[in-house]
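Hi,

Here is the structure I promised to pass on. Have a look, and then read on for my notes.

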Amino acid sequence: MTRHHPNTIDRYADGQHISNRRRQKAALLADTLARLFPHDAALEIVDFGCADGAVPALILRSGVGAQIRRITGITKLDYNDLPEKPAHAHPDFRRMVHDLQLPLPEESLPWGACDVVLATAFFHYCDPPDIPFTHAFRLLKPGGYLLAGMPARWVLRLRYQGIPGVLPRNTRIKRIQSLEVWGQVARSCGFAEVSRQAVQWLGIARTQRLEMWLRRRNILPWFGSNYLVIYRKPAEGIADQTEV
C-alpha cells in the first residue's frame, strides 16, 4: 500500500488524513474564535464550503470546541457519495449539501442567530460574489462575525494558470480580486471590516513557523499567501467601530 506524505494528499483528503494546510487553517481559526469570544459559550457557527468537514472537525476538537454548540457546514458536493473519501464527522458538526450560489433553505439554518460564518476558501469561486455575502449577513445575529479567507491575487493567478507538469490549472476560479474590491462588496451587503492579517496555510510547517515569528515582531503585517479578513455585522442601531 502506497503511503503519502501529508502535504501531497489531495486537499479533500480521504476521511482519515488531513493535510498540513488545513491543519494550519483550523488552528488559526480556532485561535481567532477564542480571541473574539473569550467568555462566550454555545456558539452557533456556519461554514461556507466546508467540503468533507475536516476543518470544522479540527476546530471542534481544539480548545475552543467546548464553547461551540454546533457548526453547520454547507458544501456543494456530497462526500458521502465518494466511498474513497468519506466525510469527517463530529457530534457537533452537521453537513448540508447545497449550492451557495442559490437561495438557501429557510428551514434547518440559524437565520439571524449565528455568531460566526466561516468562508475561508470560497469567495473566489463565486459569481456574482455578493450572493454568499448576503447569505452570511442574513445568518448572523447583530454583532456577529464573518471570517473570510482571501487568497492573495498572485496565488489565485498562479492556481488559475497553473504550472505545466507541477500545478494543474484551476479553471473553477471565477474571481481574481484585490482585498479592496472584496471589501467594497462586503460593505455593499452591510458589513464593516474589522481587521485583516496576512496568513500562511500553504501546508509547509516551516513556512508557518516563520510567518508566526515575523508576525509577533510586527514584521509581516500585510504580506502572505492568504489573508484572513474579519467582517462584522453592525450591532442594531449603532455604527460598528470594533477593533480586534
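Is Glu-44 buried or exposed? Glu-44 counts as buried, because its relative accessibility is 6% (buried means under 20% relative accessible area, exposed over 50%, partly exposed in between, with a 1.4 Å probe and protein chains only).

Before the rest, a word on the source: this is a predicted model, in which local features need pLDDT of at least 70 and side-chain atom pairs count only at pLDDT 80 or more, while totals for chains, interfaces and linings use all residues. Residues are numbered from 1 along each chain as its sequence is written, and side-chain values use heavy atoms, with hydrogens and water left out.

Now back to Glu-44. It forms a salt bridge with Arg-69, with the closest N and O atoms 2.4 Å apart (a salt bridge is a side-chain nitrogen of Lys or Arg within 4 Å of a carboxyl oxygen of Asp or Glu). This pair links strand S1 (residues 43-48) to strand S2 (residues 68-75), across 25 residues (strands are DSSP runs of E, at least two residues, and helices of H or I, at least four, numbered from the N terminus). Arg-70 also meets Glu-44 in a salt bridge, at 2.8 Å from N to O. Arg-69 is partly exposed at 46%, and Arg-70 is partly exposed at 24%.

Elsewhere, Glu-180 and Arg-196 meet in a salt bridge at 3.2 Å, N to O. Glu-180 lies in helix H5 (residues 179-188) and Arg-196 in strand S6 (residues 192-199), so the pair ties together parts 16 residues apart in sequence.

Best wishes
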